[in-house]
Amino acid sequence: MAQQNSTAQVKHYQWMLHDGSQWLNLNHDSVIETHFCQPGAQGIALFTPDYGRIFLDFDKMEIQGGQMTPYRQISLSQDETEEYLWYFFENRHWHEYGSQGSSKTKASVTSHDIEQQYQINPQGSCTFTVGNMAYSLNFSEMTQSNPRTGMQRRVRRRPKYNSVIQKTNSLASFIQDLSLSSTMPPAGGFTWQFRGDEGVWREYKAVNANGVACSVSSDDIEQSYQQNPQGQLQFTAGRFSYTLDFSGMSQFNSTSRTKRDVRRIPSENQQKSSSLQGMALSSATPPAGSYVWQFRGEEGVWTEYKTNNACGVVCSITSDDIEQSYQQNPQGQLQFTAGQFSYMLDCSGMFQVNNTLGTKRKVRRILCRNQQKSMVNTLQNTSNCTWLFLNINGTWEEYRQTLNGGICSVSSEDIEMNYQQNPLGTMNFTAGKFSYILDFSAMTQKNLRTTKTRQVRRLQQ
């Protein structure tokens, strides 16, 4: 529950650009903000004295054709948040969820309902109905899909202009917070660090080794993060003030505009107990060593993550480290270094990005050979299920490693193993020359090249 803040007319945003060396405030950014809050605006053209005409793409949050980076800085108290509205595109118009579209029938959810689901898992999805039709809204792809027809529509999430809402302690929100907190690790289970000078990672502490006082500690940041993983946190260190952006995993110096990378890693105690917690949560969840994480390197060769690879490059994480992080949050991200570069590994998208060069590589998670047989036996004891997809003829066909004369990288058993580990997650696979993503929560399969979506089902035998 939330109530409108009567003092919300105070400007709470600042649009900025990073030109590769420093952050620059954009003057008269109320014009940008007005456009950004309109669902029909894909972006806005800006004229700058140093760079000429540029185009700010709101959907991708990037500058087209340039190396600059846009950023929308928010300044709100811990008791305040922005009000966001959700829209779908139909018949050349954007309609807010909860309003009538061309069918004259309202959706079973409103913008507020969708935003609540989004705050719980920004990489997940939610399902709803319009009349007698069921739909799935994918947050990571910002699309709405009809599983029956395969029809997709674009979706946008935009803030309501100059609307700041005050959080209230209603009974409903208290119950929700209580239920969510039961699944969250204690604040001390994770450590927050920022990348300091010379690339050294340093923990947030009330007083650091140089005697500089900081208004927040690692535990304070973790508590704020658990309340809103997509929010921001204001703090001070010495004579400077900073903004910590959870969604971007970065901190900004409010005076110098200096940007530093931030990461969230399991503490030593959390790492030691993670395997025991995993056993308590699910007997079907394998230990970290049961899986190997690999990235697609040069010439398409899959290479395992190791502290020291064959070329002598030192990496800050191993395959087991990634697996431990993945089991704690299969939809999360992980920051690491290899040689002189820093990277971001996206578990939901299964890719890694070079934070400096922007190079993107595919990532995969495969079962160790010595674990495959025991894992299959475990699954046969816990669940005997078959996975099928609705083929082009309108009939249900089982996933097999040979489909219509082509090679499929997964079988029905492979899918069931992934489903047992995370029933709300996704998995990537290939069939012939095409790549697909299977969404367990939406029960759909999507062709990543053609965007064709097919319905999927799981049959208990």
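## Lining of the largest cavity

By class, the lining of the largest cavity in this predicted model comprises three nonpolar, five polar and one charged residues. Here Ala, Val, Leu, Ile, Met, Phe, Trp, Tyr, Cys and Pro count as nonpolar, Asp, Glu, Lys and Arg as charged, and the others, Gly among them, as polar. The lining consists of Y326, R365, N418, Q421, N422, G425, T426, M427 and F440. Two or more of these residues come from each of helix 8 (412-421) and strand 30 (426-431).

A cavity is a set of points on a 1 Å grid over the protein atoms alone where a 1.4 Å probe fits but cannot get out, and lining residues have an atom within 4 Å of a point. Searching the whole structure gives one cavity of 30 Å³ or more. The volume of the largest cavity is about 40 Å³, a volume being the space filled by probe spheres set on the points, which are joined across faces, edges and corners.

## Pairing of strand 25

Helices (H or I, at least four residues) and strands (E, at least two) are DSSP runs numbered from the N terminus, and two strands pair if DSSP finds at least two bridges between them. Strand 25 (residues 360-367) pairs with strand 20 (residues 291-296) in the antiparallel sense over five bridges. V363 in strand 25 is the bridge partner of F295.

Strand 24 (residues 351-354) also runs antiparallel to strand 25, joined to strand 25 by three bridges. F351 has K362 of strand 25 as its bridge partner. Strands 24 and 25 form a hairpin with five residues between them, and G358 in the turn has a positive phi of about 80°.

## Basis of the values

Residues are numbered from 1 along each chain as its sequence is written, and side-chain values use heavy atoms, with hydrogens and water left out. In this predicted model, local features need pLDDT of at least 70 and side-chain atom pairs count only at pLDDT 80 or more, while totals for chains, interfaces and linings use all residues.

Methods. On a 1 Å grid over the protein atoms alone, a cavity is a set of points where a 1.4 Å probe fits but cannot get out, and a pocket is an open set with protein on both sides within 12 Å along at least five of seven lines; lining residues have an atom within 4 Å of a point.
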